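Colleague: I am new to this structure, so please take me through it step by step. Could you begin once the sequence and the model are in view?

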Amino acid sequence: MELPETRYAKTTDGAHIAYQVIGNGPVDFVYIGPWFTHVEYRWELPRYARFLRRISAFSRLILFDRRGMGMSDSVPIDQLPDPETRMDDIRAVMDDVGSERAVVYGASESGALAMLFAASHPDRTAALVVHGSYPSAKMERDIPWGWTFEYFEEQTAVIESSWGTEEFFRREFPDMGDDPQLLRFFASYARHAMSPGAAVAAWRMEWETDVRDILSAIHVPTLILHRREDQPEAHRYIAEHIPGAEYVELPGDEHIPFLGDQDSVLNEIERFVKGVRSEEASLDRVLATVLFTDIVGSTETGARLGDRAWSELLERHHSTIRSLLARYRGVEVDTAGDGFFSTFDGPARAVKCARAMSDAMVAHDLQIRAGVHTGEVETIDGKAGGLAVVIGARIGALASASEVLASSTVKDLTAGSGLVFEDAGEHELKGVPDRWHLYRVVKDVTSRS
């Protein structure tokens, strides 16, 4: 069997992402492999190869290794890419193959990344397919399908001690015990894909990521697939919270899509993909991160300095803010006096930018406050608006001097970013329903933008 050629896409920050393209169907199909990947080794398992070739029969199939896995550039195990960096990698691969829009597919833990991509980049997402995924892994009052912290700690130790062994996969997937070939493949595939340290880092990121708050911001055609005995509550939750999502339940309990009855899965995917119409995406509503900053005590400072000196200081403030927005890929939306309203396509960049702004103001003998929130932003009369913008502004108003406050949504979407948060309690936000749990950004353990 002839294998697809492996190529590399270069990202804006210089990383190389390994990818393959197979098929020439009318629809591009980006396959985000579950858990761990190796674009070349996966073809060693006939049933996996059959699954992928069947998808390539009705699409142009785009496969890739996430950064830090398989044949893509490696990263330090304590700096596994955060979700927005991984979204950048997807776009880099799509750009390299000339794909403007694609059906985006995510299974198991990669479903969260696929959902986040669809909400954040509807201009690049023709449709979304999620198979056997969940919006959050932690067991909480409203997440009956989640894992307890005790299980998480136990599983962390198991991954570190037995990653890449047949015993590990026999324990995780008991049905594999009857298929020695499958056990051997998965053990070897895991070793090719990532080291034990990287596997633990990926497991921790999976545990910390929560995309529940962004599901309502997905407005592309969506298919939710799952097998009846594989965490049905999680899949129903996703389908109920994504507007207009189609929910399909298949017989069986296999978590891995290409195990068990492949054809029932593939038939549903093919039916859905063939029904996706090529039409322009509506960009009036998109998931974005908003950042509000303003100078603390600006009135008093202006009165003390006088008009001319204050005007010059304000000009230096504006220049510094704008240079940092350019560095962290923020977009200036509005400026009023000493305040800035900006948007970002990822929460980690927004928080790091806010932290850098606060630090930079020290050189000008100024202190700023900052508020960050991720939510659905609407375009109203050509400007960004909607409830997410109001929430971001209210959070910013609550911040103290040199403080960056963030919503729980921001915290849940920045796993792996190196950001450290401190609980700032629940607050009422003027004009906004419910009470909001806020977090204080205490440090950034990386210098990556």
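Colleague: Which residues in H3 do Pro-83, Arg-86, Met-87, Ile-90, Arg-91 and Met-94 in H2 meet?

Modeller: The model is predicted, so local features need pLDDT of at least 70 and side-chain atom pairs count only at pLDDT 80 or more, whereas totals for chains, interfaces and linings use all residues. Residues are numbered from 1 along each chain as its sequence is written, and side-chain values use heavy atoms, with hydrogens and water left out. Helices (DSSP H or I runs of at least four residues) and strands (E runs of at least two) are numbered from the N terminus, and a contact is counted when heavy atoms lie within 4.5 Å. On that basis, the six named residues of H2 meet Leu-113, Leu-116, Phe-117 and Ser-120.

Colleague: How are H2 and H3 oriented to each other?

Modeller: Helix H2 (residues 83–96) and helix H3 (residues 110–120) have axes 10 Å apart and pack at an angle of about 70°, where axes are lines fitted to C-alpha atoms, for helices over the stretch in contact, and angles run from 0 to 180 degrees between N-to-C directions. Angles under 35 degrees count as roughly parallel, over 145 as roughly antiparallel, 65 to 115 as roughly perpendicular and the rest as oblique. The two helices are therefore roughly perpendicular.

Colleague: What is the order of the strands in the open sheet?

Modeller: Two strands are paired if DSSP finds at least two bridges between them. The open sheet has 8 strands with mixed pairing, and its edge strands, S1 (7–10) and S8 (246–250), each pair on one side only. Read across the sheet, the order is S1-S2-S4-S3-S5-S6-S7-S8.

Colleague: What is the handedness of the crossover from S3 to S4?

Modeller: The chain passes from S3 through helix H1 (residues 46–56) to S4, forming a β-α-β crossover. Such a crossover is called right-handed if, with the strands pointing away from the viewer, the path from the first strand over the helix to the second runs clockwise. This one is right-handed.

Colleague: How many of the residues of strand S4 are buried?

Modeller: Buried means under 20% relative accessible area, exposed means over 50%, and partly exposed lies in between (1.4 Å probe, protein chains only). Strand S4 (residues 60–64) is largely enclosed by the rest of the structure because the number of its buried residues is 4 of the 5.

Colleague: Thr-37 makes a side-chain polar contact of 2.8 Å with which residue?

Modeller: Thr-37 lies in the loop between S3 and H1, and it is buried, with a relative accessible area of 1%. Not counting residues up to four places away in sequence, Thr-37 touches residues including Arg-42, Phe-64 and Tyr-189. A polar contact is a pair of N or O atoms within 3.5 Å; within protein, one must be able to donate a hydrogen and the other to accept it, and residues adjacent in sequence count only if both atoms are side-chain atoms. The side-chain partner at 2.8 Å is Asp-65.
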